[in-house]
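User: I am new to this structure. Can you walk me through how to read its features?

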Amino acid sequence: LMTYLGLAMFLYVPAGWVNNRVRVRTIILCGMAWRLVTYLILFVIIPPFVVMSAIAISWAVVDAIIWPAVANGVCILSADQDRKGKGMAMGMLEAVRRLTEFGLNGIVIVTLVFFPESATTAVMRGFAIAYALLLMPMMLVVARYVPDTKIATEEHVSHSVAALKGLLHVLSLPRIWLAGIAAMAVYWCDVNLMYISAPFLQQVFNASTTVAAAFGIFNVGLIAMIAGLISGVVADYVFKSSTRMMMIALGVVTVGCAIILMMPIGNESARPTLIVPVVGLLILVALATFLGKSVILAPIGELELPEEIDGSAMAVGSLLAYASILWGYNLDGRILDGHASDPAAGYRIIFIITASVAAVGCATAVVLDRANRRASRHGRTADARDETRREGASVS
């Protein structure tokens with residue numbers, strides 16, 4: 001059933017047309033309403049598997065439409081008169097998502113401790129229904145606080161045609177593709193991080209399952225929460241740009257993986273002395289990766305596109321950003337399976353891939369940052385010309 005959700009990857013571009021055609025608040029409310037109805041069908045009625053499959057496929061469609069709308073809505077809500085603040089907003093979005101997930105799952109786990117194992121299914125079902133009903137007050141909050149947004153319009157054509165033209169315009173913008181490729185590099189590094197945290201320590205350094213699991217929770221869970229909380233502040237107030245922070249983050253991942261590659265990990269006798277520096281570098285790589293991931297779509301929000309096509313820009317960016325899901329996990333799994341007799345060699349290949357992907361993403365972010373600065377200078381020059389013309393006209 002979870003595999004069906006991956007169909008969303010193929011729907012992000014047509015979902016861009018929907019985001020140009022329909023307002024953000026309407027998309028989010030309709031998506032939440034459909035989730036509520038289908039959640040209750042799943043957990044109250046417990047339908048046959050074929051119905052569950054249809055629901056999962058419908059979720060893929062809804063996810064492809066609603067996620068760009070959520071990202072776009074956060075950017076619109078957060079922007080000040082200078083259209084800044086998007087990095088902090090996207091970082092808070094990621095932090096709140098992870099903290100909420102951690103908290104809600106924690107409540108279920110703690111509750112299960114007080115019930116016999118035979119009651120596990122009933123408890124899980126009860127919480128599933130209760131959590132589904134939480135969507136009702138959330139819908140009221142969205143209706144109250146999320147503003148209407150502009151939709152694509154053009155004289156002498158329908159809204160649908162205008163939305164399609166807006167999507168085609170977005171697809172023709174080089175900076176959209178640069179932002180998407182940089183985001184893809186961040187997410188691909190995130191995919192690889194799942195393999196080079198706990199499994200790497202366990203299979204190469206012979207760490208116990210408990211130690212490896214604890215490190216995995218810390219490196220992938222806690223570090224991600226910390227990164228989400230600080231990423232926006234760092235992006236907006238230290239680097240003054242989410243694109244620039246993503247560039248630095250990918251550079252750190254490149255250097256961190258390169259240093260690990262230079263260590264004699266293939267020498268078993270040297271491994272006990274290497275585990276501490278390796279763990280330190282893995283934490284650094286994780287922090288850099290999650291700093292980039294927390295603002296993964298913020299560079300698209302910084303392109304200062306017209307509001308009526310921001311939604312399709314987020315949709316195209318989402319397609320590129322999350323595309324590595326289609327091959328990343330499978331590729332890493334095949335590499336490790338092919339080097340089962342020598343895990344260190346397999347992980348070395350994954351580190352090489354991670355360093356190479358991060359380097360390409362870093363270079364792409366550098367090009368994007370320069371393009372953004374050039375566009376900003378041209379915009380200021382054009383504004384100055386317009387102001388001069390207006391002053392001349394008023395004098396005349």
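Analyst: Start with one residue. This is a predicted model. Ile176 touches Val170, Ile300, Leu303, Leu305, Ala313, Val316 and Leu320, leaving out residues up to four places away in sequence.

User: Which residues have the most contacts inside the largest nonpolar core?

Analyst: A nonpolar core is a set of buried nonpolar residues joined through side-chain atoms. Here the largest one has 92 residues. Met90, Ile176, Phe200, Ile265, Leu297 and Tyr322 have the most contacts inside it. Helix H9 (residues 174-193) gives the most to this core, with 13 residues. There is also a second, separate core of 14 residues. Val18, Ile27, Ile66 and Met139 are among them.

User: Is Asp369 buried or exposed?

Analyst: Buried means under 20% relative accessible area. Asp369 has 6% relative accessibility, so Asp369 counts as buried. Asp369 is found in helix H17 (residues 343-395). Beyond its neighbours within four places in sequence, Asp369 is in contact with Ser241, Thr243 and Arg244.

User: Which residues form a nonpolar patch on the surface?

Analyst: Patch residues need over 30% relative accessible area. In this model, Leu1, Tyr4, Leu7, Phe10, Phe49, Ile57, Val61, Leu326, Trp327 and Leu331 form a nonpolar patch. Together they have about 880 Å² of accessible area. Helix H4 (residues 49-78) gives the largest share, three residues.

Key:
Residues numbered from 1 in each chain as written. Predicted model: local features only at pLDDT ≥ 70, side-chain atom pairs only at ≥ 80, totals over all residues. Heavy atoms only, no water. Patch = residues over 30% accessible without salt bridge, like charges linked within 9 Å, V, L, I, M, F, W, Y side chains within 5 Å. Areas by Shrake-Rupley, 256 points an atom, 1.4 Å probe, with all protein chains shown as cover. Salt bridge = Lys/Arg side-chain N within 4 Å of Asp/Glu carboxyl O. Helix = DSSP H or I, 4+ residues; strand = E, 2+ residues; numbered from the N terminus. Core = buried A, V, L, I, M, F, W, Y, C linked by side-chain atoms within 4.5 Å. Buried < 20%, exposed > 50% of the residue type's maximum accessible area, 1.4 Å probe, protein only. Contact = heavy atoms within 4.5 Å.
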